[in-house]
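I opened the notebook to record what I looked up in this structure. The entries run from the whole chain down to single residues.

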Amino acid sequence: MAYVAMAQTKPLPRIAIAGIAIESSTFSPALTDEAAFHASYGADIFSLYPFFSADSPLRHRAIWIPTIDGHALPGGAVTREAYESLVNKSLDSLKKNGPLHGLFYDIHGAMSVVGLEDPEGDFIVRIRKVIGKGTIISTSMDLHGNVSLRLAENTDLITDYRMAPHEDAMQTKQRAVENLIERIESGKGKPAYKAWIPIPILLPGEKTSTRIEPAKSVFKAVAPAASQPGIIDAGIWVGYPWADEPRNHAVVMVTGDDKEKVAHTAEQLARSFWDARFGYAFVALTRTWDECLDSALTSHKHPFFISDMGDNPTAGGAGDVTWTLTKILSRPEFKSPNGPSLIYASIPGPELVNSAIKAGVGGHVDGQAGAKVDARYAPPVPIAGTVESIVYGDKDAEVEVAVRVGSAHVIVTRKRKPYHKEIDFTRLGLVPRKTDIVVVKIGYLEPELYAMRADWIMALTPGGVDQDIEHLTYKRIERPMFPFDKAMRDPDLSARMVSSSDQIH
Ligand SMILES: [Zn+2]
């Protein structure tokens, strides 16, 4: 009991949790509303993070004040109404719960909002106005997010994922929280130095996967760089190519108390990211759609995966572009039930889903799907076939239906959903491991699909996240910028020490 009494002499710090996370493409006609964020409020927020479970040591090191935490599937730009509503709810909760020693700011960094520049920078400035300068903010981001100077100045600690695909997402968030608590408990407070280096490179994630070189080695250097004495954390941000603002480019940031080391480390990381620029390439073989399908049909390696990249909903595509599925269903090879087996995942089609529910498993459906949001490349696709399975309750899709059309299994959903895991297929009675060709509306394969692939090609298909970014029309990004201005001179990659949040007006 004496121990408990002693432990209570030092009051626990008060730390709030807030965040709105989405990656949203302004090259897509889709818009994102508030419901898409599936926002959690109050104590429900703890369940989003395993390290905040009731029995975790972190949970007992502070008085946590979870406010609002919303994570949307990537999509189109967020409506101004949705953004203002989520921000105002967060600010109201922070107002009621001050004063605070710390704030864990959990964002993606590539949110686009209709009519608003740099939303994550706007949000943190508005948070600062409420919580004041004394609170230490620790920001956790996706490496495909953007770090504007405004965000760099207003946050104190900052970190991001070091792996793409993001197998270290939770580890990164936990590091952001642990660094925050450590600075508060030790009394060291805000870092003495924050180095920020903008790098004039804008590339899609599919060209900078850390699974392959050169990004593999470039990002491997981040963890050792961050663990040096005098350094708190370090990160490289690839940035987001499907929005057109001055903040869309790569960035390196390093925080710490040793000025020289902070600067030197940031410069080393920035230099290595820049020097590797001509080596960044698609993570898998990339071809036109017809070339991909022809290869898959003649290959003896199965399952043969094809990424339908241009409308990848996990990068911000509308997810309902029918261009690829229309092409598949028109191919004679798949017309007969005895043709090569193929799974297409997936296309939203709420009316077709309703017809399938009415028809029941084994029944026949004849309707249309897709092209409600993005009909720029193909109209709604006719789908006539047998209902193979119906699954209810997915957070994103709500209802999923597998329809057999010839030798193809087409997954139709009420709302768009990315298919990343084996169970996403097997719960519908589909067996990707035993299927000849699996076409997924994603970019690089997520780990479970990657592990089961016998072969894999990424298809350059049209959509709101067209991977052929050199053909997109940008007006507002900084120039010169690689790869648009290949002959550009070496940029100034010296460390810029950004203002402490204490000095921001
Ligand atoms: Zn990402």
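The entries below follow the order in which I looked things up.

**Entry 1. Whole chain**

I noted at the start that this is a predicted model. I counted secondary structure and found 13 helices and 22 strands in the protein chain. I then looked up the radius of gyration, which is 24 Å, close to the 23 Å that the globule rule gives for 505 residues, so the chain is as compact as a globular protein of that length. The C-alpha trace spans about 75 × 60 × 40 Å along the principal axes.

I checked burial next: 60% of the 505 residues count as buried. For contacts with a separation of 6 or more, I found that 75% are between residues 24 or more positions apart.

**Entry 2. Surface and charge**

The protein chain exposes about 19700 Å², and I noted that carbon and sulfur atoms supply 54% of this area. I looked up the charged side chains as well: 55 are positive and 62 are negative. The centres of the two sets lie 2 Å apart.

**Entry 3. Aromatic pairs**

How many aromatic pairs does a search of the whole structure find? I got 15. One of them is formed by Phe27 and Tyr474, with 5.5 Å centre to centre and 75° between the planes. I put this pair down as edge-to-face, because the angle is over 60 degrees.

I looked up where the two partners sit. Phe27 is in the loop between β2 (24–25) and β3 (31–32), and Tyr474 is in the loop between β21 (455–459) and β22 (496–497). They are 447 residues apart, and the pair links distant parts of the chain. Phe27 counts as buried at 17% relative accessibility. Tyr474 has a relative accessible area of 11% and is buried.

I then took the pair of Tyr49 and Phe51, which is tilted, at 5.4 Å centre to centre and 45° between the planes. Both Tyr49 and Phe51 are buried. I also found Tyr49 and Phe51 in one aromatic cluster with Phe46, Phe52, Trp64 and Phe104.

**Entry 4. Tyr240**

Is Tyr240 buried or exposed? I found a relative accessibility of 1%, so Tyr240 counts as buried, the cut-off being under 20%. Tyr240 lies in the loop between β11 (231–237) and β12.

I listed its contacts, leaving aside neighbours within four places in sequence. Tyr240 is in contact with Glu23, Ser24, Ser25, Ala110, His144, Asn146, Leu202, Asn248, Ala315, Gly316 and Val465.

**Entry 5. Thr255**

I moved on to strand β12 (residues 250–256), where Thr255 has its place. Thr255 is buried, with a relative accessible area of 1%. Which residues is Thr255 in contact with, leaving aside its neighbours within four places in sequence? I found Asp156, Ile158, Pro191, Tyr193, Lys194, Ile231, Ile232, Asp233 and Val262.

**Entry 6. Backbone exceptions**

I searched for backbone exceptions because most residues other than glycine have a negative phi, and most peptide bonds are trans.

For peptide bonds, I noted a cis bond that joins Glu213 and Pro214, with omega about 0°. Pro214 lies in the loop between β10 (193–199) and α6 (215–220). I noted another cis bond from Phe482 to Pro483, with omega near 10°. Pro483 is in the loop between β21 and β22, and I had already placed Tyr474 in that loop.

For phi, I noted Ala371, which is not a glycine but has a positive value of about 60°. Ala371 is in the loop between β16 (364–369) and β17 (381–394). I found Ala371 at 10% relative accessibility, and it counts as buried.

I also noted Glu398, another residue that is not a glycine, with a positive phi of about 70°. Glu398 lies in strand β18 (residues 398–405). Its relative accessible area is 31%, so I recorded Glu398 as partly exposed. Ala371, by contrast, went down as buried.

Definitions and conventions:
Residues numbered from 1 in each chain as written. Predicted model: local features only at pLDDT ≥ 70, side-chain atom pairs only at ≥ 80, totals over all residues. Heavy atoms only, no water. Helix = DSSP H or I, 4+ residues; strand = E, 2+ residues; numbered from the N terminus. Buried < 20%, exposed > 50% of the residue type's maximum accessible area, 1.4 Å probe, protein only. Contact = heavy atoms within 4.5 Å. Rg over C-alpha atoms; globule rule 2.2 N^0.38 Å. Areas by Shrake-Rupley, 256 points an atom, 1.4 Å probe, with all protein chains shown as cover. Lys, Arg positive; Asp, Glu negative; His and termini not counted. Charge placed at Lys NZ, Arg CZ, Asp CG, Glu CD. Phe/Tyr/Trp six-rings, centres within 6.5 Å; stacked < 30°, edge-to-face > 60°.
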